[in-house]
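Have the model open beside you as you read.

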Amino acid sequence: MFNIERWQEIFEAIRKNKLRTFLTGLSVASGIFILVILLAIGQGMSNGVEKEFEKDATNRISVWTNVTSVEYKGLNPGRFIEMDNRDYEMAVNKNSDKLEFKSGVYSRWGQLTTYKKENGSYRVEGVRGDYQFLENATLVAGRFINQSDLNTIEKVAIIGNQVYLDLFRDKIALGEYVDIAGIKFKVVGIYSDPGGEREETRIFIPLTTAQRVYNAGDKLRSLAFTLEKQDNYEDALAASEAFSAELEADLKAKHTIAPTDERAVNVNNTLENTKKFYDLNNMIRWFFWGVGICTIIAGVVGVSNIMLIIVKERTKEIGIRKAIGAQPWSIIGMILHESIFVTAIAGFVGLIFSLFLLQIVGPFIETDYIRNPSVDFSVAITTVIILVVAGAIAGFFPAYRAANIKPIDALRDE
Amino acid sequence: MGKNSLHVLKGINFSVSEGEMVSIMGSSGSGKSTLLNILGILDEADEGTYTLDGTLIKDLNEKVAARYRNKFLGFIFQSFNLINYKSALDNVAMPLYYQGVKRNIRTEKAMHYLEKVGLADWASHLPSELSGGQKQRVAIARALASDPKVLLADEPTGALDSKTSYEVMELIQGINDEGKTILIVTHEDDIAHMTKRIVNLKDGIIIDDSKVNQVRAKTEAYV
């Protein structure tokens with residue numbers, strides 16, 4: 001390996017066969033280059049998704065009901081389950097030390113709302129004061145619903161920013177009265193929501209008022225909770241899952257629903273969704289690894305191919321060398337030595353190029369889905385080594401065969 | 001190479017002593033190239049024995065065969081068989097590289113043989129920059145470089161015009177005069193008569209083996 005004469009032979013062969021060397025090098029270098037860029041983009045996407053999700057991450061748990069799908073204790077499937085204030089109170093009383101924010105919700109879709117000559121159709125939600133935080137809503141003007149509104153069944157409304165723009169067109173809204181389904185409500189607040197327009201075309205009114213206005217008694221359409229913050233994600237997820245499961249079981253027991261019924265009571269756990277996001281993230285990462293490994297395989301096949309062609313092209317030269325006294329192992333050694341040298345150099349060139357590109361371009365990539373693409377250096381080095389070793393193994397067999405054919409056959413090869 | 005074996009040589013019995021210059025003649029398919037390949041340890045006979053310089057050549061592995069080729073034999077081919085990306089000097093130095101000779105001694109010796117064939121000025125040229133006759137002279141220099149016992153030439157003038165052929169033959173005769181044993185395969189009568197003995201092959205059998213009066217290949221005689 002450290003024979004200076006051998007090195008001189010190889011350098012001469014490389015210098016005199018520039019195209020061959022260039023093509024081998026190009027295939028290896030581009031393989032490594034693509035792999036590194038691919039892994040970096042995968043990492044960047046993973047970073048991006050993480051960032052995107054963290055912005056909205058809440059630990060909200062929502063409960064809503066539907067018709068039963070399973071017959072239970074002599075009751076037919078297809079019963080519509082409705083929750084009421086007692087369900088809410090049960091959940092709150094049982095978990096008073098765990099809950100951070102809590103609200104029952106009574107909502108109606110498509111309520112015609114009129115202010116002077118302007119009108120629109122909006123969703124009206126009767127809620128408690130905590131609901132502002134459950135929705136992650138920010139007040140633009142005025143105030144949100146308070147306990148006194150609930151106690152005295154005030155006809156007050158907090159309108160979404162989009163509702164405000166539709167009905168008031170930048171005029172002063174606070175203190176004005178809007179007509180919702182034929183009843184006058186006083187606008188006391190305007191809110192905005194990170195969820196955008198869809199989330200801002202709603203009107204919040206006190207829960208008690210909603211139940212009274214819509215003649216709903218003490219019925220509730222849904223429940224919303226958040227749990228007290230935990231120190232870490234794992235604990236939060238565990239607590240949240242435990243709470244969700246317990247709440248679901250309690251509600252099913254209370255309303256005589258089969259424990260196996262998946263339709264009647266829905267408990268949606270945002271933290272669980274977070275977990276799904278992390279899983280998705282992992283999937284992305286695995287996908288890019290899969291593609292990367294396929295790229296390596298393609299690179300190895302490419303190098304093997306080139307090695308086959310090189311050996312084929314050099315068959316006659318091998319015959320000449322053998323005729324003038326070269327021994328088989330010196331032929332194999334010469335071919336492998338050259339190929340390892342070329343692939344190693346080319347591999348590092350590809351590596352350096354791709355890392356350089358990432359270093360230059362990486363910081364400028366700040367889209368929603370790709371953020372700070374980067375790659376683990378040791379992984380990149382490992383792939384270069386794999387490619388070089390695989391190239392050497394792939395080159396060995398044709399070299400071995402060529403070294404063992406009779407010189408006379410090699411010389412006849414044209 | 002195929003499944004059907006074909007017996008090319010069917011009982012050849014002859015010996016060449018040191019310093020001889022023998023030509024092997026015959027029409028194509030007579031087995032002359034096969035004989036030369038066996039003599040050159042490039043190919044192996046199915047039956048019979050071959051003794052080279054007192055050494056029995058039989059069932060050699062590639063490693064030993066390579067060493068014997070390097071030590072005993074020098075080859076000259078019809079199509080020259082130079083390595084096309086190496087200069088004339090490096091081509092001549094190749095057998096010495098496989099003998100493990102150091103680079104500077106190698107270059108010195110190779111230069112000496114290039115001078116001998118009259119191509120010292122062309123040492124740094126690639127084979128593609130040389131004429132056919134020059135290429136063959138480089139090949140002769142390469143064959144001589146390892147100082148072999150025997151030179152084996154397979155149609156050395158086959159790819160050359162007659163003037164160049166005679167120049168090459170003159171060189172080969174000169175080498176023989178210095179005492180080297182030389183075997184030449186040819187199908188050209190005039191070339192064969194420039195050797196000292198002609199072996200005639202037909203269908204794998206020696207039909208004639210006689211000494212002849214050597215014709216000196218003086219180029220000017222044919223101008």
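In chain A, 81% of the contacts between residues at least 6 apart in sequence join residues at least 24 apart; two residues are in contact if their C-beta atoms, placed from the backbone, lie within 7 Å. This is a predicted model, where local features need pLDDT of at least 70 and side-chain atom pairs count only at pLDDT 80 or more, while totals for chains, interfaces and linings use all residues. Residues are numbered from 1 along each chain as its sequence is written, and chains are lettered from A and ligands numbered from 1 in the order in which they are written.

Chain A has 14 helices and 12 strands (DSSP runs, H or I of at least four residues for helices and E of at least two for strands, numbered from the N terminus).

Now look at where the chains meet. On chain B, 20 residues are in contact with 17 residues of chain A. Helix H2 (62-72) and helix H3 (88-98) of chain B each give two or more residues to this side, and H2(B) provides the largest share, 6 residues.

Next, find two helices packed together within chain B. Helix H4 (residues 103-116) and helix H5 (residues 132-145) of chain B have axes 9 Å apart. Here are the residues that make their contact:

| Helix | Residues in the contact |
|---|---|
| H4(B) | Lys109(B), Ala110(B), Tyr113(B), Leu114(B), Lys116(B) |
| H5(B) | Ala141(B), Leu144(B), Ala145(B) |

Technical notes
Axes fitted to C-alpha atoms, helices over the stretch in contact; angles between N-to-C directions.
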